[in-house]
Amino acid sequence: MSESNTKPAGLRKTRVGIVVSTSMDKTIVVEYTNRVPHPRFKKIIKRSKKFYAHDENGEAALGDKVSIIETKPISKKKCWKLQEVLSH
């Protein structure tokens, strides 16, 4: 068993989403939308979730498509960090 609680780079989750807020210092809010089948009716529906991600240099702007990666908890709600800005 490893000493640290961080996962190896291959086991960290990644998500691609749209930046919906940049008003906090060094933090962005990314909305991730996933398409899943409805449990009963099997129709494809959209599920969205907001993630708080660490943006050290303030690279992301409102409306950007970004990739975020799972990391150790930085604060109460923030356990993701910005991996790269995909499009402006």
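Is Ile 44 buried, partly exposed or exposed? Ile 44 is partly exposed, because its relative accessible area is 43% and the label covers whatever falls between buried (under 20%) and exposed (over 50%), using a 1.4 Å probe and protein chains only. Before we move on: this is a predicted model, where local features need pLDDT of at least 70 and side-chain atom pairs count only at pLDDT 80 or more, while totals for chains, interfaces and linings use all residues. Residues are numbered from 1 along each chain as its sequence is written, and side-chain values use heavy atoms, leaving out hydrogens and water.

Stay on Ile 44 for a moment. You'll find Ile 44 in strand E3; strands (E, at least two residues) are DSSP runs numbered from the N terminus. Leaving aside residues up to four places away in sequence, Ile 44 touches Arg 35, Val 36 and Pro 37, where contact means heavy atoms within 4.5 Å.

Next, select Phe 51. Phe 51 is buried, with a relative accessible area of 10%. Rings of Phe, Tyr and Trp (its six-membered ring) pair if their centres lie within 6.5 Å, and planes under 30 degrees apart count as stacked, over 60 as edge-to-face and the rest as tilted.

How many aromatic pairs does a search of the whole structure find? There are 2. In one, the rings of Tyr 32 and Phe 51 have centres 6.1 Å apart and planes at 50°, so this pair is tilted. Tyr 32 lies in strand E2 and Phe 51 in strand E3, so the pair ties together parts 19 residues apart in sequence. Phe 51 and Trp 80 make a tilted pair as well, 4.8 Å centre to centre with 55° between the planes. That pair links E3 to strand E5, across 29 residues.

Last stop: the strands' pairing. Two strands pair if DSSP finds at least two bridges between them. E3 and E5 run parallel, joined by 3 bridges, and Tyr 52 stands opposite Lys 78 in E5. E4 and E5 run antiparallel with 6 bridges, and there Lys 65 stands opposite Ser 87.

Conventions. Helix = DSSP H or I, 4+ residues; strand = E, 2+ residues; numbered from the N terminus.
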